Amino acid sequence: LRHLADLGHRKFAFMKGPPASSDTDARWQAICEVAGELGIEMKIQFAPQTEIGATPEPGYAATKELLATSRDFTALFAYNDLCAIGAIRALDEAGLRVPDDVSVVGFDDIPAASYSRPSLTTVHQPMQDMGQLAARTLLDQIENRTSYVAEIAVEPELIVRQSTAKAPPKLDR
């Protein structure tokens, strides 16, 4: 969100994740917290909830739903990269160009993110490091080398690619 705000975006659409995903609430709370810090207005009607899926279809469908309601946004922050890729398709079909008309950001940095067109700006999670840390923590606890730790934070990294750009000077929608 800071990256998009730094590019001059002030009108955002947000895509929530599926209710069954353990990440949905944490990601949504983080988005709301940072939006508050940046003074970004959260318009809940701009937050379609995606369904569970291992394809871009949920992001495509959610963006079609969003576009049927409003086109008054210049940036879309998607629940994950697959949803962002689906969103880009829906925006393209609606005659909107990414990133010229709408910037799109995903989350996870899946391998397809760098190959999508345009390549996807995304939040990279170091999954391999997280897995190694989890395994090490579990072994340490089993062998009584450390006490129980309820939560361990791993720093994500923003990967800026072609799907984000400066906010358009005006909305012609």
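## Ser 119 and its loop

Ser 119 sits in the loop that links strand E3 (103–108) to strand E4 (121–124). Helices (H or I, at least four residues) and strands (E, at least two) are DSSP runs, numbered from the N terminus. The model is predicted: local features need pLDDT of at least 70, side-chain atom pairs count only at pLDDT 80 or more, and totals for chains, interfaces and linings use all residues. Residues are numbered from 1 along each chain as its sequence is written, and side-chain values use heavy atoms, with hydrogens and water left out.

Ser 119 is buried, at 9% relative accessible area. Buried means under 20%, exposed over 50%, and partly exposed in between (1.4 Å probe, protein chains only). Neighbours within four places in sequence aside, Ser 119 contacts Ala 113, Ser 114, Arg 161, Gln 162 and Ser 163. Contact means heavy atoms within 4.5 Å.

## The sheet

Five strands form an open sheet with mixed pairing, in the order E1-E2-E3-E4-E5. Two strands pair if DSSP finds at least two bridges between them. At the edges are strand E1 (12–14) and strand E5 (157–159), each pairing on one side only. From one strand to the next, the twist averages 20°.

E3 and E4 run parallel, joined by four bridges. Asp 108 stands opposite His 124 in E4. H4 packs on the sheet and touches strand E2 (75–77), E3 and E4. The direction of H4 makes about 160° with that of E3. Axes are lines fitted to C-alpha atoms, for helices over the stretch in contact; angles run from 0 to 180 degrees between N-to-C directions.

## Nonpolar cores

The largest nonpolar core has 20 residues. Such a core is a set of buried Ala, Val, Leu, Ile, Met, Phe, Trp, Tyr and Cys residues joined through side-chain atoms within 4.5 Å. Met 15, Phe 73, Leu 76, Leu 91, Val 102, Val 104 and Leu 120 have the most contacts inside it. Helix H3 (57–69) and helix H4 (81–93) are the elements that give two or more residues to this core. H4 supplies the largest share, six residues.

## Cysteines

The whole structure has zero disulfides (pairs of cysteine sulfur atoms within 2.5 Å). Cys 32 is in none; its nearest cysteine sulfur, in Cys 83, is 17 Å away. That distance is too far for a bond. Cys 32 is partly exposed, at 30% relative accessible area, whereas Cys 83 is buried, at 4%.
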